[in-house]
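Here is a short briefing to read alongside the coordinates. Please keep the viewer open as you go.

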Amino acid sequence: MDSTVFLASLFLYGVDTTLVVLFLNASIFAFTQRESAWWKHLLNFAIYSFMIISSSYTFIFTGGEVGNVHLKNLIPYISALGTYYSVNVLLVGIYFLLSDKDSLGRALKEMIKDSLATYLSTLLLSLVLMILLHAQNLFGLFLFACIAFLLSQAFKQHFELYKEVADKANKDFLTGLNNHGYFKELLEKELTAARESEKPLSVALIDIDDFKKYNDLFGHIRGDQVLKEFGALIKKEAESKGYSVARYGGEEFSFLMPNTNSQDAFKFLNDVRKKTNNTHFKGVESLPYGCLSFSAGIAEWEKETLNTTELLNKADQALYSTKDQGKNLVQIYNEHTDYSVQRSLNLEKELAEAEHQLKMFLSKDVYTYRHSKRVYQYAVDFSKKLNLSDHERKTLILGALVHDIGKIEIPRDILNKKGKLEAHEWEIMKKHVTWGKEIISIDKKLEDLVPLVELHHERYDGKGYPYGLKGKTIPKLARILCIIDSFDAMTTERPYQQTKTFAEGIAELRKWSGRQFDPQFVEPFINMIELTYNVEECETLLAEEIG
């Protein structure tokens, strides 16, 4: 709105009067904004002076007549505005060039893209003001002030409405923090800025310790209240440092810390952890630490970091390392630490629990138990050869161990029948995947295993069961498990089919690659078998086991 007044004054009263108006405006602004540095007010006054004087020369040079409101002045008006706009871009560009070379191009690009329409609006408003002043003097100025006020109120209401809608889309409804999706958007922007400026950037993932136990003790309503209170606490701490914080999912939260290296991020989060420990939340005395605690993993952006996913994976690995070390800790990601070993140690405890359950479930069927143990071992070895995440590896191994759990529902006479099954007996046998799904679904901790238990008999060509899924519509881990399960089924004694040697089993895998099995994983599995297991030795051991 300042530029509107300056241009209207320039066209109607000339450059001298306009500079006086600028001086009065700058004086009032400097008095009301005393917290700003004096040189900023002086710089702003100088920039506007250059813009006004340059526009004045352009207006006169192109034939404009001061004080004459007429259509013949349209080209001089537009020319003066062009000069006003160009000088503004030039001077701001020089300022950024002197203060921050890296931000020059980005600043000019944003100015040109976002301000052109604004300056055209400024010209139109200045013409409106000039006409009103020329026709009605002070009353015209009063009318323009009223119009400007009403327009500003309308824009303010529209902006507030837009902001409210945007906030709802970007905020977590429970805690009021940024949501997962918006956090990812902010991270992308900050990572781009960090690459351009080469300034530090750290991210952190935190997870409230033993929160499931709190929910089990007091219910989800009380749990939600704790999440809200905890969210308010970390939001206050983050805002004090200019950081962004989001609810990442469930009881997980994330911090985005621009211009912050990992050591400073560690100090900040460790202080937040201690403050959390010392803040009373209702009922937390029943938790292992006797207070609310969290574990946190920090990762700092480095030049070698490819994308946000890699950065978050590093923070995630550091987070789970703190869990393995006893929780209520903050840890910085260290590239020299073998996190997979730490995660595997945690995995082994879960496998021991799953095996204990398997022994109870399959006590009536020794064959299925031994088959499951062999498939499990293949999965352990094969998962090391594949490019799987820790979560995928754990899911594959646990799924391999319990994939046939549904056979507990199949009658013994069908499970142990000698010879080929009758059609109706085969239909009963095929139901073990559905029954297995029902058994696994009872335990929410095992819900990630459901696709492997239910779908490990689907075929790549769509001729499997229970749904006849085809190709990559079958989950990846189920396609991998199908190969492992079938290989062991072929190479060990079964009541209703002839046992094959390892070499014959390998030949069968290649024969049915692209039909029953996903060809993407057949050769890697065969290579694993040939490298990990001596085929002749394996067949000798297998014969001894059968004997």
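Predicted model: local features only at pLDDT ≥ 70, side-chain atom pairs only at ≥ 80, totals over all residues.

**Nonpolar cores**
- The largest nonpolar core contains 41 residues, and L509 and F525 have the most contacts inside it.
- Seen by element, α13 (366-385), α14 (390-402), α17 (432-441), α18 (450-455), α19 (476-491), α20 (502-511) and α21 (519-532) each contribute at least two residues to this core.
- With eight residues, α19 gives the most to this core.
- Leaving aside residues up to four places away in sequence, L509 touches I483, F487, M490, F517, V522, F525 and I526.
- A second, separate core has 30 residues, including I234, L269, L287 and A296.
- As background, nonpolar side chains tend to be buried together in soluble globular proteins.

**Helix α14**
- The buried residues of α14 include R393 and T395, along with L396, I397, L398, G399, A400, L401 and V402.
- How far apart are the end C-alpha atoms of α14? They are 19 Å apart, which agrees with the 18 Å that its 13 residues should span at 1.5 Å a residue.

**Packing of α8 and α9**
- Helix α8 (residues 211-218) packs with helix α9 (residues 220-241) at an angle of about 135°, and their axes are 7 Å apart.
- The two helices α8 and α9 are therefore oblique to each other.
- On the α8 side, F211, Y214, N215 and F218 meet H220, R222, G223, V226 and L227 of α9.
- By class, the contact of α8 with α9 has five nonpolar, three polar and one charged residues.

How values were computed. Residues numbered from 1 in each chain as written. Heavy atoms only, no water. Axes fitted to C-alpha atoms, helices over the stretch in contact; angles between N-to-C directions. Helix = DSSP H or I, 4+ residues; strand = E, 2+ residues; numbered from the N terminus. Parallel < 35°, antiparallel > 145°, perpendicular 65-115°, else oblique. Contact = heavy atoms within 4.5 Å. Nonpolar A, V, L, I, M, F, W, Y, C, P; charged D, E, K, R; others polar. Core = buried A, V, L, I, M, F, W, Y, C linked by side-chain atoms within 4.5 Å. Buried < 20%, exposed > 50% of the residue type's maximum accessible area, 1.4 Å probe, protein only. Expected span 1.5 Å × (residues − 1).
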